[in-house]
Structure formats: C-alpha cells, structure tokens
Amino acid sequence: MYIYRQEWNYRELRFARTVIFTIEEINRNQKLLPGLTLGYRLYNGCGGQNLIRAAIESLDGERLSCSGQMIGLLGHSSSGVSQFINYIFSSLSVPQVSHLSTCACLSNKKIYPTFFRTVPSDFFQVAGLLELMKYFDWRWVGIIYSSELYAIEGTENFIKLSKQYSICVEYYQIYYKKKGMDYVVEKLRTSTSNVVLLFMGLSYTTSFLSHFDEYNITGKQFIGSESWITQTKLGSRERVSILQGAMGFAIPEATVPGLADYLLRLNPLEEPQSEIVREVWGNIFGCTFTPSNTSKMCTGSEDLLSIPNEYAAFTELRTESNVYNAVYSFAHALHSLLQCNNGLNPTTGKACLSKDQVQPKDLLEHLQHVNFTTNTGDRVFFDQNGDPASRYDLVNWQMSENGSAEVVNIGVYDRSLPEGASLQVLDSKIIWGGGKNKIVRSVCREPCPPGTRKAINKNRPVCCFDCLECPEGTISNQTDSVDCVACPPEFWPNENKDKCTSKPTEYLSYKEVMGTLLTTFSCIGIFLSFLVFIIFFTHKETPIVRANNSELSFLLLFSLSLCFLCSLTFIGRPSEWSCMLRHIAFGITFVLCISCVLGKTMLVLLAFRATLPGNNMMKKYGPCQQRLNVVIITSVQVVICTLWLSTNPPSLKKNMKYYKEKIILECALGSAVGFWAVLGYIGCLALLCFILAFLARKLPDSFNEAKLITFSMLIFCAVWIAFIPAYVSSPGKFTVAVEIFAILASSFGLLICFFIPKCYIIIFRPKQNTKKHMTVKARAL
C-alpha cells in the first residue's frame, strides 16, 4: 500500500488504515488462519524513485521486520503505477491485488500474469456508460480525457465499443494539466453534442475543474468516470451549473462494521511511532509537535470532526470496501494454501505445505481459486482475467446553491443479470444537468419519423444520417426505418406515408355531377318516350299515327324507352350481375329498336312499289311478316349474347394499373369477340337501314318518313362511329360516360327524328292530320 506524502492524499491514508483495520480483524478471527498472524509493511509510492526503492525493499527479505519474504502485494491505486509494479513482481510470481487500478489493459494475463483486482475493469465501466447513454438515447457525445493510462485506455475502449451501441463520438479531446485548456474550451463551445464524458483520474479532474471555472460554459450534461464521480469535495458554488446533474458509475456502496469509527480514531497519541500520523495531524489542525515560533503546539486531543478536513469528509466507504476485500482475498488464499487432507491440499491436489514453505507462486495459484463472502455480504472471486464481479452503483450529483454536493444512488449496473436487465435506473430520483428540468437531448440528427427512411451519409458519422421521404406507393411505420415497404395492391399510403389505407374506388356514381346529368337525361328520355306514347295512343285512329304501321311505332317507342332505361344500368357501383345486364340489355334493346326502324324503312320502299301496276308486295309484307322480321333480327342478337354469356361473360374488374392511387371499378368485357360481335351486328343493321332509307329519301311520302329515317340513321351511325375511338381512349369512369352518352345521343336522335315532327302536327297542326290532306300532298308530290 502506498501513501502520497507531497500535498497529502488523505484518501490514500484512509486506504492504508483500512489495510491495518482489516489485518487486525483477520488476526482476531479464530476460524480464518488459526495459529497464524498476518503482517504487513506500508510503502510510500510517491514518484518514480520511491516506487523503485519500495519495490526493491519489498523483495529484500532481510529488510523486513518479520521473518520470511514478502509473498503478496496490495496496490496500487493508479493503473499506470500498477503496470510498472507488475513488470517487476510478475517475474518472481508475486501476486498483486489492486483495489482501484481499473485499466482494462491489466486484464491481459500474457502481459500481467500475477495481477488481480477487487475493482471492476474499465472495460465493464465503459460498457455500462454506453448502456447508460443508450438508455437515455444520447447518441451524440463528446469526450474529454486526461493524459494518463487509465483515461487513455478507457477512452480508446469507449470509442471502440461505441459502434456496437450505435453511439457516435463527436470529438475526443485530451487534457494536460499544464496546457491544452483552450482547445478543450473551444471544442465544448463549438460542439453540438450536449453530453460530455469526463474520463479522468481524480487529480486531473481537480485540475480541469479549477481551470474550467473561469469559462462560462453551461448547458452540458457531464458523465463522470468512476475515479472522481463520488468525490463531493470537487463541488463548489461556482460549479453548480457545471456539475449539477452529473452522472456516472461508482464502486458499490458497502458498510464495513467498525471501519468508519476506526478511521476517525486517528490520533498521534495512540500511534506515537508514526511520523505520518503526526504530520497529517499537524496539517489538519495547523499545529506542530515540535516547538515553533510560527505554529501552535499540537496537543493530540483535538477533535477530527470539529473542523472541516478532507480526511474525515467521507460519508461512504466505497473504495475502502475494495481494500477490505483485497486483504481478505490474500487471507483466504493463504488459508486455502495451508489446508491439508491426507497429505494433499484439497484445492490443488498437491502435497501439503507448512507456513515456512509457502512461496509467492503457491499463493498465486490459490488466489486464482478464491471464492468467499465477506462480513459485509460481498461475494469475492476472480475470473480467468483476475477481475471481480462487475457491479456498479449509478450515481447522480445533486447540488445546492451553496455548492455542497450530494451523490445520490439512482440505479445499478450489474453484468451478472440477464442481457437487457443489467442496467436499472430510478428515473424519478434524477436531477438533470445543463440547467434543464427534463432529460437532455443529445443527437446529431433527430430520429427519422414514420413516413421516411434513414439513409447513411458517407461523409458524416453514422449518427448524422439523412431522412428521405418514402417513394410513391411505399410507407414506413416505424421510427428510423431503414427501408420503405410497398403497400399491397389494393392499398395506398396516407398523406404522411406511415400507414397503408384502402385505395378509394372510382366509378360513375349517381351522386357526382356527371352521373347526375346523365341520369337526368336518361329520365328525360324515358319521360319523352312515355309522353309520345300517350300522344300516339290518344290519337291512334288519326291518319298520321295509322300511317306506316302504328304497331311498329309503338314497338319503337317501347324499345327506345328500354334504351333510355338501359343507360341507367351503367351508372352506380358495378357488380357481377350489373356488368352482364348492362351489356346484354344494351345489345338486345338497340337491335330491337333498329329492327323496328328497318321495318319502317322497308314499308316505305314497299309502299312505293305497291303503287306500281301488278305489284302485290304490300300483301306479302303484312303485319305478321313485320312482326316476324323483328323477332328474327332480334333473335340473332339474343343468340350472340347467349354465346357471349356462356363462354366468357362480362365481369367486375378492379383496374389498379391506370391510376396508382385509386382503384377503377369497371366491367371487363370478358370475351372481346362477343362484345364486338354485339356491337358489329348493331352497326350492320344500322348501316343497312341507312342505305335503304337513303335510297327511299325521294319517294313520295306525306310526312317525309324516308327522309326522317335517313336523318336519324345518319345521326345514329355518326354517334357510334365516334364512340369507338372515344371508348378506347377514355380512362376509368369516363369510358362508361362515353358509352352512356352514345346510347342517349342515338336514342334521342331516333326519338326526335321519328316522333317529334308527327307530335307537332298532332298537337299544333291538327288540320293536316287528315286523310284528304295526306292524299292531296301525296298526289302533289
């Protein structure tokens, strides 16, 4: 054990006295090492020359106050010093147990084969710090570290492991006691990270904070390393804005019965042989034990608790418990070494040894098998690297306005617990740093929200990613999604692109303007057909109605009504039945309509020929033949439609190709041959009817029946010829609208051309509706 003399290190003095307390406790224990008394020697380890001298003296058995050689070494507090010591002692197989050397490098058994410790390795502290930052989602951090082995190794391990936890280091700036403060301050002022890891030894931290007080830098959440995070003596009124809310991992708090009272019983009168105790006492109370003109005399009766002093300013015995466990580990190893059962050691199976035969290498072997529980309840053992169980207390600095600090336990980090449960935090007890009343945010880039994907920027750290909006038709429903996924065919992203919603369906609805207008015109057509039917029916005995077969006229009116009615089947949400009905009804009703027009056209031609001598065609083409003609022509279309329905009928189709964001509900034709056969048959009949009517346009007729048929067929053919390209090129519901328009236009053309002139004469020119007038006009022609 080493005690710093220059600028008294009172913590090291407590460590040394803890060694004495523990050895005296072991020597009083009748069960542990019965009949054997442990001895010790304390060395001053301040400075390189003292270290070399202490190492040589400790190896020189003749200089020891007791018989025999030194077989074990306790110390040092510094990782760098422990490294140096182990270089010397490992060649002689002398085991070394440290209570505070935390450098992860010391776990390397190839380089430091005789090194053990009762404090966890910095590797586990670094892992805990990364778990802590991950827990609070601090992904963007800065590091300030000191120029000592402990800090350099710890920082290197932190940077190396940070990638596994998706944490990025914005900067890592080294601090030297005599220079480098300006660089540190510049980094802190220009950085965007709000969390700063202060990885330093206690002496470096003291120096850093003493210089840092001069700069007005606030708003940072400091994370401390284990070496200084419990040292409340660092607190002051000037540092409230800096250290308030600081967090870090500390050696677990432990209660060693009687140790605190023993440490406070320090008194030069009880230990008159100790020069160190006298000097410490004089330093604390500002007195001296030798006559002096400048200082008062010490009495030895001064009270340690009467004035503030660093030695007595402890409330917890965290590191002291490690010293306690280290001494006990030697005792248990020696106890195991001296056991004998039938001439063999029960632990190693080797021949038994007496206490005079014990060598350092024997103690080293048994130290590797140590596994015991102390009086404080701590379980002590060493793994294959000489490291103890990895457990820390998570502590939080909570400072008052006068600068006094309290280190509060807010959680634990225990590597022995299952993965994911190793870090346990009491969030309700936390005081946050940076002058904030809520958790500090420290990220280079806020997480990508749903609806975007995370894209790595090759020119920046992985935490400084870009958030790109999901492409059309894709979504991301999680934060920080790496990829966007495509929605199923019948779904489309919502406006935020974080959820797939059902695509809206498009069809020609009664509720929209176009559907309403077409429905209105269809109803007008039905109404006009019904009105004409009433007019003709009430005047059925008049010459104008009876002329040119009134039966065909009524049948034509009926078929026109069906045509208008048929157009309504194209409006509204399509279904399997409506798809079949609309096309079949359209094909049959139009053929029925044209067959009536064709019958009227043939009557005009036959009526003219009947006036010629010897022609009796009118008798052969009487009412019965006319009805048969209509039935036969219509039956052909019925057969075509039947074949179409039986092979590949029209069906409901969801068209998702024309529009990406919506579904067009349309009626697939099924068999294109069937559709064009129906349409072609209607076209052929219309063309034949037009040709016949055109040939009869100049024949004598009282009411210009042939001219009206010619004009109506001209309109009909023009509409349906224009329909074909418009039908093929129109998208979605407009295809249906074009088809309805063609039906309505051609139906209105027939209704107006055939019946409106006759209705005009019936209603407004009744004098012309006589047989005499018709005969006179026919003769005039």
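The legends below describe close-up views of a predicted model. Local features are given where pLDDT is at least 70, and side-chain atom pairs count at pLDDT 80 or more, while totals for chains, interfaces and linings use all residues. Residues are numbered from 1 along each chain as its sequence is written, and side-chain values use heavy atoms, with hydrogens and water left out.

View A. S476 lies in the loop between β18 (474–475) and β19 (485–486), where strands are DSSP runs (E) of at least two residues and helices are runs (H or I) of at least four, numbered from the N terminus. With a relative accessible area of 3%, S476 is buried (buried is under 20%, exposed over 50%, partly exposed in between, with a 1.4 Å probe and protein chains only). The side chain of S476 reaches the backbone oxygen of T452 at 2.7 Å.

**View B. The F208 and F212 pair.** F208 and F212 are 4 residues apart in helix α7 (residues 202–212), about one helical turn, and both are buried. Their ring centres lie 5.2 Å apart with the planes at 20°, so the pair is stacked (rings of Phe, Tyr and Trp, for Trp the six-membered ring, pair with centres within 6.5 Å; planes under 30 degrees apart are stacked, over 60 edge-to-face and the rest tilted).

**View C. The F533 and F537 pair.** In helix α13, F533 and F537 are likewise separated by 4 residues, or about one helical turn. Their ring centres are 6.1 Å apart and their planes at 10°, so this pair is stacked. F533 is partly exposed at 33% relative accessible area, and F537 is partly exposed at 44%.

Key
A polar contact is a pair of N or O atoms within 3.5 Å; within protein, one must be able to donate a hydrogen and the other to accept it, and residues adjacent in sequence count only if both atoms are side-chain atoms.
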